[in-house]
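Let us walk through this structure one place at a time. Keep the sequence at hand.

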Amino acid sequence: MSKKQSQEKLFEQLKESFLDFDPAHFVQNNLTLDGAEFKVLDNGWKFMADIYRYIALQATRKDGKPVVIKKGRQVGATVMAGALDLFFTNSGLFDKPNVRVVHLFPALGQVKKFSQDKLETLIRTAKNDFINKNKLISSNSVDNLTMKQFNKGTLWIDSLGTDGDRIRGMTADIVFFDEVQDMFGHAIGNATKILTAAKYGPTGQGVQVFFGTPKQRGSYFSTIWDMSDQRYYHLGCINCGETYPFYLPEDDRWKSIWLHENIIQCPLCGTKQKKVEAIERGKWVGSKNSNDCEFIGFHINQLYIPYFTKENIEKLMLENNPAQTERIWKNEVVGEFYSGAGSPLTKAEIYDKCRDPDRSFAKRIKPTDKTVYLGVDWGGKEDDPNSKGGQSYSCVVVLSAQPDGVLSIEHAHKLRKNNFSFKKDTIKEMYRRFGVQRGVSDWFFGQDVVGDLQSLYRERFLGAQGSGSLIKPMKYREDELIISYNKDLLIDELFDLFRKGKIRFPWKSYEHVEWLIDHCTSMESKVRVTGGQPIKTFVKGSAPNDGLMALMYAYMAYKFDLTKGFTIKPGLERQSNYLRSALAKVTRRV
């Protein structure tokens with residue numbers, strides 16, 4: 001190699017090292033997406049590259065402000081968060097002193113999924129094994145799913161939990177609050193205390209970044225978005241050089257600007273161009289004066305995804321998709337909060353009305369101590385991050401019933417396997433551990449295992465089959481050991497119990513019950529007119545609802561006993577006739 005070639009190579013190496021201080025170039029130079037190029041420059045992702053740069057170069061300044069990102073689904077924010085984790089801890093820009101980054105999720109299940117599926121993949125597929133080579137090598141260094149030590153920084157991935165107790169006592173410089181829409185405000189407040197001694201960002205505050213897909217208006221996430229400068233990305237015209245808003249909330253201008261496929265027409269001069277070009281010439285514009293706001297806010301939705309055509313988006317619109325709902329359109333596609341009547345239950349309502357703060361999951365229950373009911377919903381998806389089959393989980397929920405009608409969740413879990421023997425053994429274990437008096441199971445998707453278990457438990461394990469009947473919404477077909485039920489009426493009844501605080505969650509086991517809370521708050525309600533009468537119906541939202549269905553079946557088992565097989569209405573008999581657990585001491589006569 002000649003001296004000139006050597007100098008040119010050295011220059012290129014220095015250039016690449018210098019560019020690594022820019023997070024967008026760091027990503028392209030060092031990371032891949034499953035081995036493919038990871039590009040956020042010159043390809044229609046400029047709106048995302050600008051956020052990378054703002055977080056890395058502005059939020060870390062002493063006059064920086066917390067950043068809130070309100071996003072739709074599938075916009076690349078989770079990958080961005082993982083890439084920023086690695087940028088902060090591996091770029092060398094934050095090594096005086098070494099940076100401490102904490103990436104928080106609402107629950108441990110999300111921690112495991114992110115660490116295994118996203119972060120580990122970014123590390124494993126990095127170019128030239130760059131990230132692995134930067135790991136700290138010493139006798140006491142740590143490298144696992146929740147903590148990674150690098151030569152220039154340390155990364156923790158953990159659960160915020162219900163109150164932030166898991167991370168108290170830590171000291172950090174940067175905190176990412178991921179899926180922040182599912183976090184409780186007081187827990188976030190507690191978590192920010194670990195930034196008191198932060199070396200980067202504003203003194204005493206550190207760097208705070210909130211990612212979230214909006215759900216219900218009035219939530220903590222909604223509040224901090226309202227406190228931000230609410231930046232929306234404006235497109236740029238290749239002809240007149242001006243920028244203009246593309247998407248704004250409650251505004252349909254995008255429909256006329258976006259002509260078809262990937263063709264955009266400038267509303268100022270009429271020039272047509274590709275959407276990617278318009279994005280690359282665009283910029284972020286705040287809706288409010290940043291100096292008057294406590295947060296810097298960025299809004300991203302699916303309309304900006306470079307490879308999405310207008311036809312892709314139109315297929316997701318309510319008028320073109322019978323499976324779509326207004327709530328999914330607002331939350332998932334355009335990234336807006338939903339304040340309609342279609343959300344029958346929120347996570348905040350469960351916290352306020354259904355929480356037993358000092359109670360944990362039961363390990364076992366004696367039949368003489370409590371009256372216990374089991375609900376089972378069957379699905380094809382296993383509780384494993386690598387599970388490929390099925391759209392829904394197999395779940396079990398165990399309830400105990402008190403004489404005043406309060407139903408306490410004693411245990412709940414998703415099945416790890418879905419083969420016949422595992423499902424059968426799981427139900428037998430539930431009966432043994434918790435002294436189940438009666439169980440009800442989805443019959444349609446579990447006919448084989450239900451029939452087999454009924455040979456063992458008979459009427460103590462009933463099948464359940466949906467029916468649209470309004471005249472007899474609950475009916476027991478004794479010869480078949482099957483309950484027919486009107487799903488909409490029963491779910492509505494169940495939500496009424498939630499609102500009255502009659503269903504109780506063991507909050508000390510929050511990490512184990514958080515998934516069930518998500519399932520209970522995933523439904524949406526609609527109203528249809530039948531025979532001139534409005535009927536409330538419930539449909540599955542964007543998240544799973546299998547745990548709610550299992551809870552509904554457990555409630556059905558309780559109601560079966562309460563009404564003597566649906567032959568009487570609750571309240572018509574004296575309370576003393578209702579089933580309840582009792583302890584008695586019998587003295588034998590001599």
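**Around Ser400**

Start at Ser400. Beyond its neighbours within four places in sequence, Ser400 is in contact with Lys370, Thr371, Val372, Val406, Leu407, Ser408 and Glu410. This is a predicted model. Ser400 lies in strand β18, which covers residues 395-401. Is Ser400 buried or exposed? Its relative accessible area is 2%. The cut-off for buried is under 20%, so Ser400 counts as buried. One of its contact partners, Glu410, also makes a polar contact with it: the two side chains come to 2.6 Å.

Now turn to a pair of helices. Helix α3 spans residues 46-57, and helix α4 spans residues 77-90. Their axes come within 11 Å and cross at roughly 35°. The crossing of α3 past α4 is right-handed. Which residues make the contact? From α3 come Met48, Ile51, Tyr52, Ile55 and Ala56. From α4 come Ala77, Val79, Met80, Ala83, Leu84, Phe87 and Phe88. By class, twelve of the contact residues are nonpolar, with no polar and no charged residues.

Last comes helix α16, residues 487-499. Its 13 residues reach 18 Å from the first C-alpha to the last, close to the 18 Å expected at 1.5 Å a residue. At its start, a side-chain oxygen of Asn486 reaches to within 3.1 Å of the backbone nitrogen of Asp488. Asp488 is itself buried. After the helix comes Gly501, with a positive phi near 75°.

Note on methods
Residues are numbered from 1 along each chain as its sequence is written. This is a predicted model: local features need pLDDT of at least 70, side-chain atom pairs count only at pLDDT 80 or more; totals for chains, interfaces and linings use all residues. Side-chain values use heavy atoms; hydrogens and water are left out. Axes are lines fitted to C-alpha atoms, for helices over the stretch in contact, and angles run from 0 to 180 degrees between N-to-C directions. Helices (H or I, at least four residues) and strands (E, at least two) are DSSP runs, numbered from the N terminus. A crossing is left-handed if the near helix is turned anticlockwise from the far one by less than a right angle, and right-handed if clockwise. Contact means heavy atoms within 4.5 Å. Ala, Val, Leu, Ile, Met, Phe, Trp, Tyr, Cys and Pro count as nonpolar, Asp, Glu, Lys and Arg as charged, and the others, Gly among them, as polar. The expected span of a helix is 1.5 Å times one less than its number of residues. Buried means under 20% relative accessible area, exposed over 50%, partly exposed in between (1.4 Å probe, protein chains only). A polar contact is a pair of N or O atoms within 3.5 Å; within protein, one must be able to donate a hydrogen and the other to accept it, and residues adjacent in sequence count only if both atoms are side-chain atoms.
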